[in-house]
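Look at the helix packing first, then turn to the strands.

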Amino acid sequence: MDEHARSEPRLSGAEFLRANHDVLLTDWQQAVLEHLGHKVPARQPWLIDHLPELLSSLADAVEHGPEALDERLEMVHTVARLDEGFDLGEVAHEYALLRRCILHRLETQGQWLRSGDLTRMEVMLDRLVTRTMTFFWEMKQRILQTLDRMAEATLDDPDMETLLERLLTRLMEAALTVNTAAVMMLEGDELVVRAAVGLVTDEVKGLRVSVGQGVSGLAALERRPFFVRSASTDPRVLLEPLRRAGLRALYGLPLMDGERLLGMAYMGSRTAFAFSDSDVRLFHAVTERASGHIAQAELHAREHAARKEAERSLALLDSMLEAAPVGIAFQDHELRYLRINSTLARINGHSVEEHRGRTLHEMVSGGVAGPVEQSLRQVLETGRPVRDALIEAPDPVHGGPGAWRADYFPVRTPGGVLLGVGVTVVDIADHKRAEAALQQAIDFREELIAVLGHDLRNPLHAVNASAFMLGKVPDLDTTARRSVDRIRKATARMTRMINDILDFARSRLGGGIPVTRQRVNMVELCQGVLDELQVVYPERPLTLEVSGDDLWGEWDPDRVTQVLGNLVVNALQHARNDTPVLTTLTAEVTDVVMRVCNEGDPIPEELLPHLFDPFKGSRQPEQGNKHRSLGLGLYIVSEIVQVHQGSVRVETGPEQGTIFTVRWPRVPPPRGYLPP
């Protein structure tokens, strides 16, 4: 039970009985049916017609004292019992079931009675039994005296071993033929003698018998009584001290807590070969009482252990809550704070102590409480968590605007009962500021790239036009013509870089690379690109090979030439000097396949996974490398091909060189088509 439950006012025994009056009636009837194996009894239990009044009388007695017990009611009970022909054991067992139901209901509901009320309730129940049996004093005087002394033996709440020995002693005092008695408790799969009186007491204590072996072990396994007429000679008696003591009659009963086996109890006689009915009934009463007290003692022990474990768990929980870098809280169905750590308490602007038992609206001010309450109510109504809720409000700890991410989740018992809502809150203000700064930097960079790309085009066109005009002058010497060629190569290279920059900016700013399709011939496009590049690179052989007749399709001619230009220039930069660059076109049914091949060192394997990423080169940078670039050419190639729903791949090796293969679909493929 948690700290909140412990702080609630405790019920009195009378209040508990009255509040659970109908439930206890149902529990008792169910217990009777379970005792009878769910079979319809031949006779109605005598308490069934009078139990409602008996419970009310018991509540009055617990509240006002034993004088509140209704003697007339007890007389009616006794007359009814006599009329139905019940024996003493049956009546005692029905009272024991009533006692067990009360204790079980207390355990199930986890309620705490006022100090002494449980004992008073026990005493009142004992008084009911004793006074009912008084009317049969002459017939059952010995049994009544024993039961009364048994009740007295439990009033000072002795430990388990002492209690059992007292009960066994009362049995021996009342039954003159009983010379020894003991209680064997179930521990694992063995019965262990824990309490004994009479003959060979010290010798049998601590002895063990496996369940299923010997007369007592087999009776425990089958949950039934056993009787041995001559224990000293019967090989089924495995406790050797009993055989040496010369016992004759040996009778045992299982100690049961409902359907659960607690152990076995036995009584033995050195003089009698069989016990009388009254002795057997008395023994049944003793074992029944012993079972109840054993179960109660175990219940108290488990309760004590559970309390200790709960205290330890709560201490660990408190330590974890305080050490956690996030805000954590638990709220009940009315949204009252039951637990909260200091992190979340500071965010709410109050101390941990101020939160306990207070509602959400009492602790959270401003416009935040409304959305938070809506999320909490949603968890309570649906039983499902609400995740990643954003809370923005002034930060009471650091000042300025604050931002938090909150998660709300249901908290349930192991049985699935919804107890309330758990809350975790993470401060994401720094993350939001860093995210905004990063986005601002990205936006600035991409806008700057776009602006520079556009502004650089105009002077570059002027430089290229001037170089073209200079190349037409007939009187240029060799040195001047070489300079003009370098200008034209440089302007062509810078044009491609600017185009790549602009296309990169378009793709990253969200507009994408624009494509205008028209029906064109791939051979004409590629031949034109290679002719232009041959002028710029007259010293390098650029070859085009064509396979097939139909090389027409619907493509953007400018983008196709841009792809081929980037691939050929990339091949020229990385091929060995004076080696040719071969371009092939192959006509297939649905595609035209373009391949660009060069002879050079293969691309390093570690670069292949990122070859088409922006700002990545196809070779490791080397000091003094004259072919430096932005690393956008292959990225633009990949983007253009994807817009055409095609594919691009690369093959590289020391013998074959490097081959880029592009598949151009003749017509746009249907939606959902995946390129090979």
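At what angle do H21 and helix H22 pack, and how far apart are their axes? H21 and H22 (residues 633-643) pack at about 145°, with axes 9 Å apart. Axes are lines fitted to C-alpha atoms, for helices over the stretch in contact, and angles run from 0 to 180 degrees between N-to-C directions. Helices (H or I, at least four residues) and strands (E, at least two) are DSSP runs, numbered from the N terminus.

This is a predicted model: local features need pLDDT of at least 70, side-chain atom pairs count only at pLDDT 80 or more, and totals for chains, interfaces and linings use all residues. Residues are numbered from 1 along each chain as its sequence is written, and side-chain values use heavy atoms, without hydrogens and water.

The crossing of H21 and H22 is left-handed (the near helix is turned anticlockwise from the far one by less than a right angle; clockwise is right-handed). Contact (heavy atoms within 4.5 Å) involves residues including Arg 559 and Leu 567 of H21 and Ile 636 and Ile 640 of H22.

H21 (residues 557-574) also packs with H20 (residues 522-536), at about 45° and with axes 9 Å apart. H20 passes H21 in a right-handed crossing. Among the contact residues are Leu 525 and Val 529 of H20 and Val 560 and Leu 564 of H21.

Now the strands. S9 (residues 386-394) and S10 (residues 401-412) run antiparallel, joined by 7 bridges; pairing takes at least two DSSP bridges. Glu 392 has Ala 403 of S10 as its bridge partner. The hairpin of S9 and S10 has 6 residues between the strands, and Gly 399 in the turn has a positive phi of about 80°.
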